[in-house]
Amino acid sequence: MRLVVHPGAVVQGRARVPGDKSIAHRWLILAATARGRSRVLQVPPSLDVRSTAACMAAVVPEARPGLDAWALNVARGAHSDGFTWGTAGDVGSTSEVEVESHGRGSLGRPGSVLDCGNSGTTMRLLSGLLAAAPFSATLTGDESLRRRPMDRVAQPLRAMGATIETTDGHAPVTVRGGLLRGISYHAPMPSAQLKSAILLAGCDADGLTEVIEAAATRDHTERALEALGGPVVRSPGRVAVSRFQHEGFDAAVPGDVSSAAFLAGAAAVTGGEIEVLDVGLNPSRTGFLEVLQRMGVAVETFERRTELGEPVGDLIVHGPSRLRATSVSADELPLVIDEVPLLAAVAAHASGDTWFAGAGELRVKESDRLTGTVSALRAIGSHAGAEGEDLVVAGGGVRGGTTSSAGDHRMAMATAVAGLAADGDVVVEDADATDISFPGFADVLRAAGAHVETS
Ligand code: S3P
């Protein structure tokens, strides 16, 4: 599919976005390994989340009927009422997953290789979960995932007592679970997937398992474990857990604030106003709003409730008549890691140079997003460069042009947003990738007044 963006429209309105993919992975894993019945509502139909559901169905036979029933609904397209434009109240029951389990003891050897698709979160979190399970399982994924580093997870899990074989540091990865002991681990890079893999393994290890981070990363795993009554100890830069079996729970996945970011970016570059309802407002994910504010964007958030430790509410973003350049420090970067392509697209419309310092982790995302952002912005008539691990975007506008997402969902959506205020059309090839995290992206933009065509 190609996305053709005709500039000129002001993007405005009220929206819901599909449920948060990062949170949904974790809650599905926790639901399938809880003792008792769990109901997870508003599970997004995103392809990555479907990968986690399929893998969990393969390793927890008891949870399979519930996970398969949801997957069938999603495959039938029944998920379309899971996110609607406007003030829709009820998001329907088709996005609900209900599972029964007897806890982690229900984990069983899968009948075949576990396919994690495009999802790094699925592969890394499952490696941690399976590290204590008494069988061996092999995890693989698509071409992009098989290029991404897995040693970062294998090393600490081996130190805890699991046997992990990678393929030259990559997937396929074979995890042979064992009796685990807690470790104290200084994470060598800021990664919530790494932290979460260790914490999930730590829930089934002897003694204390501790992760020390030099820079804060998203904290969905520790929030959920804490909300489930787990022995989680947190202080700035440090989180520890010990053996713990949680009970079943009910929770509704908040809208994905990283998807809302594209709508916020659309309002920012077109001088429009967007309200996103029922979205996750966890501060470890909303860093991009602070960056947008520094660029002159007006932002308001209204926290309404908490779901399994996650703050949820509404978000209003109002684009300014002129955007200013800003800089993002290396400490701040992990908290906006998934929004850098989008922020770069917005920065292309600002006046002055915007710097993103210490953005090296972008090279090992679904694609090399450091190089990809530079080449996409250049291809659509803007100026950007990489200096070592830093990304620099020269403002001044976007002329228009054609680029490819290279199969990366966030690259596709970021480039489309850049096009909304370009001088000429922006064409994004290979744009089906948006389904990885934001099925319906083009429809939602269109409903907000954008001139976007798909062909
Ligand atoms: C995620 C963590 C981040 C992020 C990814 C989702 C998670 O990856 O980029 O989209 O759900 O834990 P890293 O842990 O590799 O930084």
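This briefing walks through the overall build of the chain and then a handful of its local features.

The model is predicted, so please keep in mind that local features need pLDDT of at least 70 and side-chain atom pairs count only at pLDDT 80 or more, while totals for chains, interfaces and linings use all residues. Residues are numbered from 1 along each chain as its sequence is written, and side-chain values use heavy atoms, with hydrogens and water left out. The chain has 14 helices and 25 strands. Its radius of gyration is 21 Å, close to the 23 Å that the globule rule gives for 455 residues, so the chain is as compact as a globular protein of that length.

**How the terms are used**

- Helices (H or I, at least four residues) and strands (E, at least two) are DSSP runs, numbered from the N terminus.
- The radius of gyration is taken over C-alpha atoms, and the globule rule is 2.2 Å times the number of residues to the power 0.38.
- Buried means under 20% relative accessible area, exposed means over 50%, and partly exposed is in between (1.4 Å probe, protein chains only).
- A contact, or touch, means heavy atoms within 4.5 Å.

**The chain as a whole**

- The C-alpha trace spans about 60 × 45 × 35 Å along its principal axes.
- Of the 455 residues, 63% count as buried.
- Looking at contacts between residues at least 6 apart in sequence, 76% join residues at least 24 apart.
- The chain exposes about 15,400 Å², with carbon and sulfur atoms supplying 49% of it; these areas come from the Shrake-Rupley method with a 1.4 Å probe, and for residues only the protein chains shown count as cover.
- There are 40 positive and 54 negative side chains, and the centres of the two sets lie 3 Å apart.
- In that charge count, Lys and Arg are positive and Asp and Glu negative, with His and the chain ends not counted; the place of a charge is NZ of Lys, CZ of Arg, CG of Asp or CD of Glu.

**Two covered helices**

- Helix α7 (residues 192-202) is mostly covered, with 11 of its 11 residues buried; among them are Gln193, Lys195 and Ser196.
- At the start of α7, a side-chain oxygen of Ser191 comes to within 3.4 Å of the backbone nitrogen of Gln193.
- Helix α8 (residues 220-227) has six of its eight residues buried, so it is largely enclosed by the rest of the structure.
- The buried residues of α8 are His220, Thr221, Glu222, Arg223, Ala224 and Leu225, and they pack against α1 (21-32), α7, β13 (233-235), β14 (238-241) and β18 (310-318).
- Just after α8, Gly229 takes a positive phi of about 90°.

**Two buried serines in loops**

- Ser95 lies in the loop between α3 (64-75) and β4 (97-102), and at 5% relative accessibility it counts as buried.
- Leaving aside residues up to four places away in sequence, Ser95 touches Val40, Leu41, Gln42, Val43 and Trp70.
- Ser405 sits in the loop between β23 (401-404) and α13 (409-419) and is buried, with a relative accessible area of 3%.
- The side chain of Ser405 reaches the backbone oxygen of Asp430 at 2.4 Å; a polar contact is a pair of N or O atoms within 3.5 Å, where within protein one must be able to donate a hydrogen and the other to accept it, and residues adjacent in sequence count only if both atoms are side-chain atoms.
- Not counting residues up to four places away in sequence, Ser405 touches several residues, including Met411, Val428 and Asp430.

**Backbone details to look at**

- The peptide bond from Ala171 to Pro172 is cis, with omega near 0°, and Pro172 is part of strand β8 (residues 170-176).
- Asp168 has a positive phi, near 55°, in a residue other than glycine; Asp168 lies in the loop between β7 (163-167) and β8 and counts as exposed at 74% relative accessibility.
- Leu308 is not a glycine either, yet has a positive phi of about 45°; Leu308 lies in the loop between β17 (298-307) and β18 and counts as buried at 14% relative accessibility.

**A buried glycine**

- Gly319 lies in the loop between β18 and β19 (327-328), where it counts as buried at 6% relative accessibility.
- The C-alpha atoms of Gly319 and Gly265 are separated by 8.3 Å, and the two residues are 54 apart along the chain.
- Gly319 touches Ala267, Ala268, Gly271 and Gly272, not counting residues up to four places away in sequence.
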